[in-house]
Amino acid sequence: MVCVCAGSMGYWLLTGWQEKRPELGPEAEAEAAKDECMEEVQAEAEGELSGMTDEEPTIEESKTEGPKPAKEPEKTEEELLEEQIEAVLADMTTEEKVLQLFVITPEALTGYETVTAAGEQTKEAILTYPVGGIIYFAKNLKEPTQVKTMLHNTRQYYEEAGFPEPFLGVDEEGGIVARVGSQSAFSVERVPAMRSIGDKRDAGEARRVGTVIGSYLSELGFTLDFAPDADVLTNPDNQVIGSRSFGTDPDLVAEMALAEAEGLEGAGVWAVLKHYPGHGATLGDSHAGYAYTDKTLDQLMEAELVPFQKGIESGCSFIMAAHISVPTVTGDEVPCTLSSYMITDILRGRLGYEGVVVTDAMNMGAISQQYDSGSAAVLALQAGVDLVLMPANFESAYEGVLSALESGELTEERVEESVRRILRVKYKE
């Protein structure tokens, strides 16, 4: 229907038909026509509005919109960690990467005969040699306040310089190996030898002991403990391990060592399972010189390697490699620390270990009597080791690794592989 209000004419034009209106005067007819026209328009408008529902779009809502960009999935903690590691690695010089591979004494760092404080000399040494970690012994540890201040300052120097935080480590097994616990000035619980705990076959006690040790070490400022001892004492004539081992049963040793490690790490201190592939089977003392076991790989898998295999399955972050030789397995007398077959093929390949491998102290006779510091450090890294602990001559070891990189004897990719593992632990928590 089309309605036309034509002034005084007052005609209705109807689609398809026309209705004659009653006789009116010209002005009244025009006014009536106008009113009726307005009523019709209003009615039509109201009808259109009443037909609309809540679901129908308004003019604004019905405008065509382009496709919304797909929302990127949130990154996992692991992905964020890897990004952080790559960012830190990209900002490091070659020298800084190499230095991350060393854990040394404060004396080797500073040149002082005995270090019991961390002052300007330590600060300057860190700026020159920001090594991956520092290990302390009883002579460095006099009383609680002194240790806390020394470790706090050391960590602060790294932070102020923008270097990754160092591992601050110590050998604190309990029993005869207790750099802190053996000194009355620290007034901490004296933990007995692990053999006495293993004889009780009480994993709860092993865990408690780990918590005790980890708590007082963490309170002092340490972040890494070279413990627990995961050696299975299969050779009754072995003297170097003795009561440091939880016992002769591989499964028992595994249970106890992992329980102690849980206690340590629950208290905020990283644990290190040692001494791969098992120092409890050896003849000789690697501190003094050549030490070996004549066991086959299958025999090692049935006993000495059980605690390490279970530690790997539980996600341990550190394993220490011993300087013992296994000629029946490798066909030579090369210490395991320097053996690619024992570190890369067996530990990483067959046992599936992806964490950090640290050497036993490289100034021990089994290494220092046969290799110079530079060669030993390079061989260890070529074998697949990540952290070189206490080379006999730190500067020679450091320069030896840099020279091996320049000559191509060692690749930067190999160095970065180890640095990534180290940073992954340092930035994990």
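Glutamine 84 lies in helix 2 (residues 77-90), where helices (H or I, at least four residues) and strands (E, at least two) are DSSP runs numbered from the N terminus. The structure is a predicted model, in which local features need pLDDT of at least 70 and side-chain atom pairs count only at pLDDT 80 or more, while totals for chains, interfaces and linings use all residues. Residues are numbered from 1 along each chain as its sequence is written, and side-chain values use heavy atoms, with hydrogens and water left out. Glutamine 84 counts as partly exposed because its relative accessibility is 35%; buried means under 20% relative accessible area, exposed over 50%, and partly exposed in between (1.4 Å probe, protein chains only). The C-alpha atom of glutamine 84 is separated by 9.2 Å from that of leucine 423, although the two residues are 339 apart along the chain.

An open sheet of six strands shows parallel pairing in the order 7-6-3-2-1-11, where two strands pair if DSSP finds at least two bridges between them. The edge strands, each of which pairs on one side only, are strand 7 (270-271) and strand 11 (388-389). Helix 6 (residues 144-161) packs on the sheet, touching strand 2 and strand 3 (167-170), and its direction makes about 170° with that of strand 2; contact means heavy atoms within 4.5 Å, and axes are lines fitted to C-alpha atoms, for helices over the stretch in contact, with angles running from 0 to 180 degrees between N-to-C directions.

The buried residues of helix 6 are Gln146, Val147, Met150, Leu151, Asn153, Thr154, Tyr157 and Tyr158. Seen down the helix axis, these residues fall within an arc of 155°, so they line one face of helix 6; the arc is that of the directions from the helix axis to the C-beta atoms. The face turned away from this buried side carries the exposed residues Thr145, Glu159 and Glu160. The buried residues of helix 6 pack against helix 5 (120-128), strand 2, strand 3 and helix 8 (203-220).

Two cis peptide bonds may also be described. One joins alanine 227 and proline 228, with omega about 10°, and proline 228 has its place in the loop between strand 6 (224-225) and helix 9 (250-266). Another runs from lysine 274 to histidine 275, with omega near 5°, and histidine 275 is found in strand 8 (residues 273-276).
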